[in-house]
Amino acid sequence: MSDDFDLLETNSNEKQEKVDVNWGKAIDTMKSKLAQEDDPEMRQKILNATLDDVVHMAEKDRTSLLDAIKDLTDYQDEVGIIFENFSSLNGDEQKIIDSAIKRLERARVELEDAENKPDTWWNNLWGRKSKIKKAQDELKAAQKSRDEADNKAKALFQQRIENADVQTLLNELSFKSQAAVKRLKDREVEIKEVEDKLQDAIVEATKNHTKALEKKKEVEGLLEEKYALLKQARQELEEIVDKQSADYAQAIGKVTQLEQKVEELEGLKNAYTTLAASKDSFVHKHNLTIKVLTSLRSNLQTHRAKLKSDTEERLKYYDGYVVALKARTDQEFAAILEHLGVKTDEHIGETLAAMHSASAKARQEMMDNIPVHEKVMQGVYGSYAEALQEIRVKDAEIQKNFADRYGIDMKEIFEEYYKAENNPPAGDDGGEGASPKPEGDDDLLS
């Protein structure tokens, strides 16, 4: 097995930044929201699922992810996690932070350069102090800009994920999981450092406990000596008869001195006893603390190892989920196209069928209109015959009128006219029946 698969590896040599954790209500809030996700109708939903249902389920997934990421973002603020180290930022969001960091670093360098110039009258003449003041002001402004950069980037981040798709939210969740792995490892290193300090404290407390006991025993030995001397001095004091003598006064002074020494030694004895008890107590306290910290570190190792391994698997799992969503969309798209194709086929079929039936109806109407047309034409022909008959009667009257008035028989002329079908009658040149063409008719008929 490869060495890099050691999920429980903790490199204590790396110097890690410690973050003060302010445990608030964030964890309880997240737990309560997760507890609300239980759905007793889940099996029935799966059994009766349609593609349309999947859309609502995917949207619910997106909403749940969005809420979870918002809670995580609020949580990281509560526990003091640096925002840009715990969220996957895009180019614009990262640029805000990077620009603020570069400005702050540049301001520090400029201030350091200004302060490093020797404090001479020549440099001061050329504005050393004013440059230092200007650099200090820029450093304050740069620090303020750096402090505000996180909030600006966070606002853009929140705005972006508000309308983000599932894939973006899953990527953010994966990034936070990877960041959490590093954070858990950092916490393990911190705990291990405290454990080492407590181990040193136990050794030191044990040494002090032993020294206190030794000192106590030494003081107890001195106390026995002083108690014996005090007893002897008190007995000597009682044996002096003359209470006004110098010997009596000297004996009282000796007793008083011994009593004072005994009191001091009693105090030392009590102090060493208390100190020994205190060190013994702290040895047990430190042992208990180490046990608790070791247990916590072990649990953190377990969570970190599982989170690290599961995150790698989840990346593949999430990829499958995203592809499945895309496939569902493609399937729905294909279904829409198929539906549109079927409807188009139906519409074209309707149009073609209507075209054929309309054509047949037009043919039928044409056939039905033939007798009507014939009746109309019969009327036309009848009217024409009546008009022609009236014309012939009128012609007969005109012929008779011409014959009576001019002695010309027009009957043969009109008969030839009708026979020739509107062609002018061909008469013999100079014949009697030919009427000469009067001069000027061309002008009248033109």
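Reader: Why is Asp137 called partly exposed?

Author: In this predicted model, Asp137 has a relative accessibility of 36%. A residue counts as buried under 20% and as exposed over 50%, with partly exposed in between. The value of 36% falls between these limits, and Asp137 is therefore partly exposed.

Reader: What makes the pairing of Lys133 and Asp137 a salt bridge?

Author: The nitrogen and oxygen of these two side chains are 3.0 Å apart. The limit for a salt bridge is 4 Å between a side-chain nitrogen of Lys or Arg and a carboxyl oxygen of Asp or Glu. Since 3.0 Å is within 4 Å, the pair of Lys133 and Asp137 qualifies. Both residues belong to helix 6 (residues 128-162), where four residues, about one turn of the helix, separate them. Lys133, at 46% relative accessibility, is also partly exposed.

Reader: How do you know that Arg297 and Glu195 form a salt bridge?

Author: The closest N and O atoms of Arg297 and Glu195 are 2.8 Å apart. That distance is within the 4 Å limit, and the pair is therefore counted as a salt bridge. The bridge joins distant parts of the chain, for Arg297 is in helix 8 and Glu195 in helix 7, 102 residues apart. Side chains of opposite charge can pair when their charged atoms come close.

Reader: Why are Arg297 and Glu195 called buried?

Author: Arg297 has a relative accessible area of 16%, and Glu195 has one of 5%. Buried means under 20%. Arg297 is therefore buried, and Glu195 is therefore buried as well.

Reader: What makes the pairing of Glu188 and Arg304 a salt bridge?

Author: Here the N to O distance is 2.5 Å. Because this is within 4 Å, Glu188 and Arg304 meet the criterion. This pair also links distant parts of the chain: Glu188 lies in helix 7 (residues 166-239) and Arg304 in helix 8, 116 residues apart. Both Glu188 and Arg304 are buried. In the whole structure, the search finds twelve salt bridges.

Reader: How do you know that Ser87 is buried?

Author: The relative accessible area of Ser87 is 1%. As this value is under 20%, Ser87 is classed as buried. Ser87 is located in the loop between helix 3 (51-78) and helix 4. Its C-alpha atom is 10.0 Å from that of Asn171, although 84 residues separate the two in sequence.

Reader: Why is Tyr272 called partly exposed?

Author: Tyr272 has a relative accessible area of 21%. Buried would require a value under 20% and exposed a value over 50%. Tyr272 is part of helix 8. Apart from neighbours within four places in sequence, Tyr272 is in contact with Ala212, Lys215, Lys216 and Val219. The C-alpha atoms of Tyr272 and Lys215 are 6.6 Å apart, while the two residues are 57 apart in sequence.

Reader: What makes Lys117 partly exposed?

Author: Its relative accessibility is 39%. That value lies between 20% and 50%, and Lys117 therefore counts as partly exposed. Lys117 occupies the loop between helix 4 and helix 5 (121-125). Its contacts beyond four places in sequence are Asn123, Arg128 and Lys131. Between the C-alpha atoms of Lys117 and Ile132, 15 residues apart along the chain, the separation is 9.7 Å.

Reader: What makes the patch of Glu110, Glu112, Asp113 and Glu115 negative?

Author: Asp and Glu count as negative. The patch consists of Glu110, Glu112, Asp113 and Glu115, and it is therefore a negative one. A patch residue must have over 30% relative accessible area. Glu115 lies in helix 4 (residues 91-116).

Reader: Why is the patch of Phe333, Ile336, Leu337 and Leu340 called nonpolar?

Author: Phe, Ile and Leu are among the side chains classed as nonpolar for patches. Phe333, Ile336, Leu337 and Leu340 belong to these types, and their patch is therefore nonpolar. Together they have about 380 Å² of accessible area. Leu337, in helix 8 (residues 246-406), has 45% relative accessibility.

Reader: How many helices and strands does the protein have?

Author: The protein has ten helices and zero strands. Of its 446 residues, 22% are buried.

Definitions and conventions: Residues are numbered from 1 along each chain as its sequence is written. This is a predicted model: local features need pLDDT of at least 70, side-chain atom pairs count only at pLDDT 80 or more; totals for chains, interfaces and linings use all residues. Side-chain values use heavy atoms; hydrogens and water are left out. Patches are made of residues with over 30% relative accessible area and no salt bridge: like charges are joined within 9 Å, nonpolar side chains (Val, Leu, Ile, Met, Phe, Trp, Tyr) within 5 Å. Accessible areas come from the Shrake-Rupley method with a 1.4 Å probe; for residues, only the protein chains shown count as cover. The place of a charge is taken as NZ of Lys, CZ of Arg, CG of Asp or CD of Glu. Helices (H or I, at least four residues) and strands (E, at least two) are DSSP runs, numbered from the N terminus. Buried means under 20% relative accessible area, exposed over 50%, partly exposed in between (1.4 Å probe, protein chains only). Contact means heavy atoms within 4.5 Å.
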